[in-house]
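Here are my notes on the model, point by point. Please keep the structure open while reading.

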Number of protein chains: 4
Amino acid sequence: MRELRVAMLGQGFMGKAHSNAWRQVSHFFDIPYRIRCALVCGRDEAALEPMAARWGWESTSTDWRTAIDRSDIDAVDICLPNHMHAEVAIAAAEAGKMVLCEKPLAMNAAEADAMAAAARQAPNLVWFNYRRVPAVALAHRWLKEGRLGEIYHYRATYLQQWGPDPSRAHVWRMDPAHAGSGAAGDLLSHLLDLALWLNGPIASLSSAMHTFTPGRRVDDAVMGMARFANGSIGTFEASRFAIGCRNRNAFEIHGSKGMLRFNLERLNHLEFLDATEGDEQQGLRDILTGSEFWKPGHIIGYEHTFIATLAEFLRAAADGAPFHANFEDGAAVQRLLDAVSVSAESGQWLEV
Amino acid sequence: MRELRVAMLGQGFMGKAHSNAWRQVSHFFDIPYRIRCALVCGRDEAALEPMAARWGWESTSTDWRTAIDRSDIDAVDICLPNHMHAEVAIAAAEAGKMVLCEKPLAMNAAEADAMAAAARQAPNLVWFNYRRVPAVALAHRWLKEGRLGEIYHYRATYLQQWGPDPSRAHVWRMDPAHAGSGAAGDLLSHLLDLALWLNGPIASLSSAMHTFTPGRRVDDAVMGMARFANGSIGTFEASRFAIGCRNRNAFEIHGSKGMLRFNLERLNHLEFLDATEGDEQQGLRDILTGSEFWKPGHIIGYEHTFIATLAEFLRAAADGAPFHANFEDGAAVQRLLDAVSVSAESGQWLEV
Amino acid sequence: MRELRVAMLGQGFMGKAHSNAWRQVSHFFDIPYRIRCALVCGRDEAALEPMAARWGWESTSTDWRTAIDRSDIDAVDICLPNHMHAEVAIAAAEAGKMVLCEKPLAMNAAEADAMAAAARQAPNLVWFNYRRVPAVALAHRWLKEGRLGEIYHYRATYLQQWGPDPSRAHVWRMDPAHAGSGAAGDLLSHLLDLALWLNGPIASLSSAMHTFTPGRRVDDAVMGMARFANGSIGTFEASRFAIGCRNRNAFEIHGSKGMLRFNLERLNHLEFLDATEGDEQQGLRDILTGSEFWKPGHIIGYEHTFIATLAEFLRAAADGAPFHANFEDGAAVQRLLDAVSVSAESGQWLEV
Amino acid sequence: MRELRVAMLGQGFMGKAHSNAWRQVSHFFDIPYRIRCALVCGRDEAALEPMAARWGWESTSTDWRTAIDRSDIDAVDICLPNHMHAEVAIAAAEAGKMVLCEKPLAMNAAEADAMAAAARQAPNLVWFNYRRVPAVALAHRWLKEGRLGEIYHYRATYLQQWGPDPSRAHVWRMDPAHAGSGAAGDLLSHLLDLALWLNGPIASLSSAMHTFTPGRRVDDAVMGMARFANGSIGTFEASRFAIGCRNRNAFEIHGSKGMLRFNLERLNHLEFLDATEGDEQQGLRDILTGSEFWKPGHIIGYEHTFIATLAEFLRAAADGAPFHANFEDGAAVQRLLDAVSVSAESGQWLEV
C-alpha cells in the first residue's frame with residue numbers, strides 16, 4: 001500500500017475539519033493509501049505547534065511554499081482564504097501534487113478556469129462536501145433514476161444568522177480582497193453546486209445582492225431566480241442575516257412524480273413524497289438515512305461529509321478514475337457566481 | 001337589531017364557503033345585524049335550487065342583476081369568475097349596497113381602481129380571508145409591536161399541485177378571458193396581500209412567469225424577487241405544479257429579533273423564534289394558536305377564516321369604521337400583479 | 001323527508017359543539033331528515049334564552065323532563081354532567097326517542113349496561129366523536145385491511161394541562177359526585193374507545209391513578225399497561241397535568257408491516273410508515289388527510305368531528321342500520337374504566 | 001503528561017465505537033493523558049488483526065486475561081457480552097486498573113454490586129454514553145436548576161425494530177446466558193439510567209415483559225409504570241418490535257413550569273416549552289443544540305457521545321474527582337432491571 005504524504009495549508013476551523021478527515025478516513029473506509037499527515041502550514045506560529053501536536057501533523061511551516069517545495073509531499077490540501085486558492089493550487093498542481101481546495105474554488109471564473117487547466121493532470125478536488133451527505137447522495141441517485149419524473153421546481157436556500165454579530169465584522173470573510181464576496185462565495189457556492197449536481201445546468205438567471213450592514217463591503221445576502229436547462233424553474237437565497245437559522249442549507253424539488261426536501265441542519269434526514277402512490281396515502285415522509293459509518297439509526301454529523309468525500313477522492317485518485325466535485329465543477333460554480341454578480345449589478349437576466 | 005338581506009352571486013366552491021360564513025357568523029360572534037340569506041344567483045339552474053335549499057337561501061335567480069335590482073337587498077357577495085368582478089361590484093356599489101368580492105379583486109389595476117372608487121361610500125371587502133387566520137393575525141400583531149425588530153427577509157410561497165390534472169384543464173381558472181391569469185391571480189394575490197399586510201409596501205420587484213403545460217394560456221407558476229420599503233428583501237413563488245403541496249400558503253420572516261413562519265396547511269400553528277433570548281435556548285417554537293371559536297387545543301379549519309372575516313366586516317360596517325382588506329387593499333395587490341406581469345415580460349426590475 | 005325534532009340538554013361548551021353539529025349537518029351531508037332544533041334545556045335561565053336565540057333553538061326549558069314529556073320530541077341529545085346521563089337517557093329511551101349522549105356514557109359499568117339495555121330499541125349514540133376524524137377513520141380502515149400486519153404495540157396518551165388552574169378547581173368535572181372520576185372518565189374514555197375501535201378488545205390491564213392537587217377528590221392523571229386480545233401490548237396515559245399539551249389525544253401503533261401515528265392537536269394529519277417498502281425509503285410520512293367538507297388541502301377543525309358523527313348516525317337511524325359508537329360501545333369503555341379503577345386500587349393486573 | 005495505555009476487550013460494533021472514542025478524544029478535548037491504544041483482545045483471530053491495524057491498536061490477544069496480566073496496561077475497556085462483564089471488570093479492578101464497561105453493567109444486581117465494590121479504588125465508568133448528548137446534558141442542567149418546576153410526568157421509550165429480523169435471531173443478544181435479558185438489559189438500561197439521572201430515584205414500579213417470537217428466550221419488549229421519589233409518575237417502554245423506529249431513545253417530561261422532549265434519532269435537538277411565558281406564545285421549541293466539537297449549526301452524531309463521555313472520565317480520573325455514570329450508577333440501574341423482572345413475573349408493584 002502506497003504512502004500518501006499530505007500537507008495541509010490553513011489552521012482555522014476548516015483546518016480542524018480537514019485534519020479530522022485525514023485522521024479518520026482510514027478508520028471507516030478501505031482506502032488504497034497509507035496516509036501520513038506530513039506537514040501543516042499556517043501563519044499563526046503560536047497556535048500552529050499545538051494544532052500540529054493535537055492532530056498529529058508531523059511538521060509545521062509558516063510558509064505555504066514549503067508544501068510545494070518539499071518533494072516528499074504528495075498531496076496539498078488548501079484551507080486558506082479564497083484569494084490565495086488560485087496561486088497555491090496552481091503551484092501545487094504544477095509541482096505534480098494532488099490538490100484539494102476549499103470552496104469557493106476561486107475569486108472569479110477566470111481564476112477558476114486557470115486552476116482547472118493547471119490541475120488537469122493531477123487528481124483534484126473542491127470541497128463541496130455536502131454532495132456526500134447520505135441524504136443528498138440518495139436524492140441524487142433517485143433524481144438520476146427518474147424517480148421524480150419531469151422536474152418543475154428547484155428551490156434552495158442557504159441561511160445563516162451570524163451576519164449582524166459585530167465580533168465577526170473583521171474576519172477575512174468580510175474582506176472583499178480576501179473573500180471575493182460575502183454570502184455569495186461562502187454560502188451560495190454550496191447551494192449552486194448542489195443545484196447543478198442534482199438538477200443540472202442553469203440556463204439563465206436573475207439575481208440581487210444586498211448588504212444590510214452600513215459600511216460592509218461584501219454582500220450579506222444574495223437572492224435570485226433561475227431557469228434550468230431541464231425546463232424547471234426556481235428561486236435561491238443565501239444570507240447571513242436569516243435570524244433563526246444556524247446552518248440551513250436546504251433544497252426542495254418538485255417533479256411530476258414527487259417531491260424531495262433536505263436541510264443540512266437535519267442532515268441525517270431526507271424528506272420524500274411519492275406522487276405515484278394513491279392520493280389518500282401521499283405524504284412527505286421523513287427518511288432517517290443510514291451511512292457507511294454506523295448502523296441504521298446511529299446518526300452522523302457535519303464532519304462525516306468530509307471523511308466520506310475524502311475516501312471517495314482517494315479511491316478515484318488511486319484508480320485514475322474521475323472524481324466529482326473537481327476543479328471543473330468548482331469552475332462551473334464560479335461562472336455562476338460571476339453571473340450572479342453581473343446580474344445583480346445590471347438587474348437583468350443573464351444567459352449562462 | 002337591523003336586518004341585513006344578503007345576495008350571494010356564485011354557486012361553486014366559493015359559494016359554499018361563503019354560504020357557510022353567512023350561516024355561521026351569528027353563531028360564533030356578536031354581530032349587529034340579523035342576517036337574512038335572501039337571494040343566491042347562479043347560472044346552473046339545475047344545481048341552484050338544491051344549493052339554495054341546502055344553505056337556506058330564500059330565493060334564487062339565474063341573473064346576477066336581480067341582486068342589484070332588488071331594492072330589498074342590502075349586501076352583495078360576489079363569488080363569480082374574475083372577469084365579472086368589476087362590472088358587478090360597481091353596479092352593486094352604485095346601487096348603494098355593501099359589496100363583498102372574491103379575490104383577486106379584478107382583472108387588472110385599472111378595473112380595481114374603478115371598483116375602489118365606486119365603492120368609496122359603501123362598506124366593501126375583498127376576500128383576503130387568510131388575514132384572519134389566528135396565527136396570521138398574531139404574526140401581524142407581533143410585527144406591528146416590533147417583536148421581530150428590523151426586518152431582513154420576507155420569503156413566501158403559495159404552492160398547489162393540481163396544475164397537471166387534465167380533468168381541470170378547462171375550468172374557468174385556466175381561461176385568461178375569465179381568470180386574467182393563472183397562479184398569479186389565484187395564488188400570488190393571496191401571497192402578496194399577506195406580504196403587504198405583514199411587511200408593508202413593496203418598493204420594487206422582478207419576476208418571471210412560466211407555463212409548463214403546452215397550449216395552456218395562463219401561467220402555471222410565477223416567481224420573483226422583491227425589495228420592500230422597510231429595507232427587507234425576499235423571494236416569492238406561486239405554483240400549481242408544486243407536486244407534494246396541497247395548499248401551502250406559507251411565509252418566513254427573519255428580523256433582527258427573531259423569526260416567524262406560517263403554513264396554511266397547518267393553519268392552527270404559528271412558528272416563532274425569539275432571538276432576544278439566550279443562545280442556548282433559542283429554537284423555533286410551534287405555537288398551537290387559539291381562536292374565538294373554541295377552547296385552546298380545539299382547532300379550527302379553512303372555513304373559519306371566512307366567518308371571522310365576515311364578523312369583523314359586519315361590525316365595522318355597522319359602526320362606519322374602517323375595514324381591511326377592502327377594495328383599496330385589493331387594488332394595491334392588483335397593481336403588484338400588473339407589475340409582476342410587466343416585469344415577467346420585460347425581464348427587468350420595476351419600481352412599484 | 002321526515003322532520004326530526006331535537007331536544008338538547010345542556011348549555012355549556014358541549015352544548016355549543018352539539019348545537020353547531022345540528023345546525024351544520026344538513027349543510028355538508030345529505031341526510032334523510034329535516035332537522036328542527038325544537039328545544040334546549042338548561043338550568044342557567046339567564047343564559048339559556050340568549051343561547052337558544054343564537055343557535056335557533058325554538059323553545060327552552062329549565063327542566064330536562066320537558067324533553068321527555070313532550071311527545072313531539074323525536075331525539076334527545078344529552079350534554080349534561082355524567083351523573084345525570086343514566087337517568088335521562090333511560091327516560092328518553094323508554095319514551096321511545098332516539099338518544100344521543102356525551103361521554104363517558106355513565107358513572108360506572110352498571111349504569112352503562114342499564115342504559116344500553118334501555119336503549120336497545122331506539123337509535124342511540126355515545127359521542128365518541130374522534131372516531132370520525134378523517135385521519136382516525138383512515139387508520140381504522142387500514143388496520144381492518146391488515147395494512148399494518150400483526151400488531152405489536154398500541155401506545156396512547158390523552159394529555160391536557162389545565163389541571164393546576166385554580167380557576168377551574170370547582171367545575172363539575174372536579175366533583176366525583178357529578179363526574180365520577182377525573183382524567184379517567186373525561187380523557188381516558190376517549191383514549192380507550194379509540195383503542196378498542198382500532199385495536200380490538202383488551203384482555204387484561206394494570207393501572208394507577210394519581211392526584212397531584214392536595215384535597216382534590218378526582219384523579220388528575222391515570223396510567224396503565226394493557227394486553228390486547230390480538231396479542232399486542234401497550235401503555236396508556238391520560239392527564240390534566242401534562243404541561244405543554246393542550247389537547248394531545250394521540251396514539252402510535254406498530255405492526256409487522258408498519259406504523260401509524262395520530263395526534264388530535266394535528267387532526268388533519270395521519271402519520272404512516274410502510275415497512276413493506278425497501279429499507280432506504282422507509283420513513284414516517286405525514287399525510288394531510290382530506291374530508292367530506294372541503295377540497296384537499298383545506299383543513300377542518302374540532303367541530304367537524306361532531307358533524308360527521310351526527311350525519312352518519314342520522315343515516316343509520318333512518319335505515320335501521322347499526323351505528324357505532326353506540327351505548328354498547330360506551331358500556332364497553334365503561335367496563336374498562338371500572339377495571340382501571342379497581343386495578344389502580346389493588347395494584348394488580350385484571351382480566352377484563 | 002502521563003501516558004495511558006489502554007486495552008480494549010471486544011471487537012464488534014461497540015469495539016468500533018470505543019476505538020473511535022480513544023482515537024478521537026485528544027483531538028477534540030484537552031485531556032491529561034497521552035493515550036496509547038496498547039492492546040485489543042478478541043476471539044475472532046482472523047478479524048482481530050485487521051481491526052487492530054485499522055484503528056492502531058498496538059498489539060492483540062485472543063485471551064482477555066492478557067489485558068489483566070500485562071502490568072503495563074493502565075485501563076481496561078470492556079465491550080464483551082454481558083455475562084463476562086463481572087468477571088473481567090473485577091479482575092481488572094483488582095489488578096489496579098481503570099475499568100470502563102459497556103452497559104448493562106452486569107447480569108443482575110448482585111453481580112453489579114460486586115463490581116462496584118471491587119472498583120471502589122479505581123476510576124470506573126459504565127458506558128451510559130447518552131448522558132453526554134448535548135441535548136440531554138442541557139435538559140439535565142435545566143432540571144437541576146428547577147427550570148421545569150415540580151415534575152409531574154416522566155415518560156420514556158426506547159424503541160427499535162430489528163426484533164423480527166431472522167438473520168439476527170442467533171446473535172448473543174438473543175441468548176439469555178450471554179445477555180441476561182433482551183430489550184430490558186439492552187435498551188431499558190439506557191432508558192432507566194437517563195430517568196434516574198434526569199428525574200431522580202424511582203420509588204416503586206410495576207412492569208410486564210413480552211416475547212413476540214415463538215421460542216425466543218429473551219424479552220422482545222418490556223413496559224412499565226413508575227412512581228418517582230419526587231412525586232412524579234410515568235410509563236416506560238423498550239422494544240425491539242417497534243416497527244418504524246430505528247433508534248428512538250426518547251423522553252418527555254412535564255413539570256409545573258414547562259415541558260422537555262428528546263429523541264436520540266434527532267440527538268442534536270432538544271424540545272422545550274416554557275410554561276412561564278404568556279399563554280399565547282407558548283409552544284414547543286426545537287432547539288438545535290451546540291456541542292464542544294464544532295460551531296453552532298454543525299451537528300454531531302452517535303459517536304460523539306462516546307468521545308465526550310471519555311473526555312470527562314479521563315479528566316476526572318486524573319483529578320481523582322467523582323465521575324458519573326460509574327459502577328454505582330450501573331448497579332442502580334441493575335437493581336431496577338431486577339425489579340422490572342420480578343414485577344413482570346408477579347404482576348405486582350414493587351417498592352425499589
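1. Which residues does D:His18 touch, not counting residues up to four places away in sequence? They are D:Met8, D:Asp77, D:Cys79, D:Glu102, D:Trp127 and D:Phe306. Contact here means heavy atoms within 4.5 Å. D:His18 sits in helix H1 (residues 13-28) of chain D. Helices (H or I, at least four residues) and strands (E, at least two) are DSSP runs, numbered from the N terminus. The relative accessible area of D:His18 is 0%, so D:His18 is buried. Buried means under 20% relative accessible area, exposed over 50%, and partly exposed in between (1.4 Å probe, protein chains only).

2. A word on conventions. The model is predicted: local features need pLDDT of at least 70, side-chain atom pairs count only at pLDDT 80 or more, and totals for chains, interfaces and linings use all residues. Residues are numbered from 1 along each chain as its sequence is written, chains are lettered from A and ligands numbered from 1 in the order in which they are written, and side-chain values use heavy atoms, with hydrogens and water left out.

3. Now the aromatic rings. The whole structure holds 68 aromatic pairs over all chains. Rings of Phe, Tyr and Trp (its six-membered ring) pair if their centres lie within 6.5 Å; planes under 30 degrees apart count as stacked, over 60 as edge-to-face and the rest as tilted. B:Tyr302 and C:Trp294 are edge-to-face, because their ring planes stand at 70°, with the centres 5.4 Å apart. This pair joins two chains, because B:Tyr302 lies in the loop between strand S14 (284-288) and helix H9 (304-319) of chain B, while C:Trp294 lies in the loop between strand S14 (284-288) and helix H9 (302-319) of chain C. B:Tyr302 has 4% relative accessibility and therefore counts as buried. C:Trp294, at 6%, also counts as buried.

4. Another edge-to-face pair is C:Phe29 with C:Phe293, 5.3 Å centre to centre and 85° between the planes. This pair links distant parts of the chain, 264 residues apart. C:Phe29 is in the loop between helix H1 (13-28) and strand S2 (33-41) of chain C, and C:Phe293 is in the loop between S14 and H9. Both residues are buried.

5. One aromatic cluster includes A:Trp55, A:Trp127 and A:Tyr302 together with D:Phe28, D:Phe29 and D:Trp294. A:Lys295 lies over the face of D:Phe13, 4.2 Å from the ring centre. B:Lys295 lies over the face of C:Phe13, at 4.2 Å. The rule asks for NZ of Lys or CZ of Arg within 6 Å of the ring centre and within 35 degrees of the ring normal.

6. How much area do chain D and chain C bury between them? About 3,500 Å², 56% of it on carbon and sulfur atoms. Buried area is the accessible area (1.4 Å probe) that two parts lose on being put together, summed over both. D:Met223, D:Met225 and D:Ile243 lose the most area in chain D, together 17% of what that side buries. The contact takes 46 residues from chain D and 46 from chain C.

7. The D–C interface has 6 salt bridges. Each needs a side-chain nitrogen of Lys or Arg within 4 Å of a carboxyl oxygen of Asp or Glu. One of them joins D:Glu237 to C:Arg155, with the closest N and O atoms 2.8 Å apart.

8. For chain B and chain A, the buried area is about 3,500 Å², with 56% on carbon and sulfur atoms. B:Met223, B:Met225 and B:Ile243 supply 17% of the area that chain B buries here, more than any other three residues. The salt bridge count is 6. A:Glu252 meets B:Arg248 in a salt bridge at 2.6 Å, N to O.

9. Last, B:Tyr154 in strand S7 of chain B. At 3% relative accessible area, B:Tyr154 is buried. Its contacts beyond four places in sequence include B:Leu194, B:Leu198, B:Phe228 and B:Phe251. The C-alpha atoms of B:Tyr154 and B:Leu198 are separated by 9.3 Å, at 44 residues apart along the chain.
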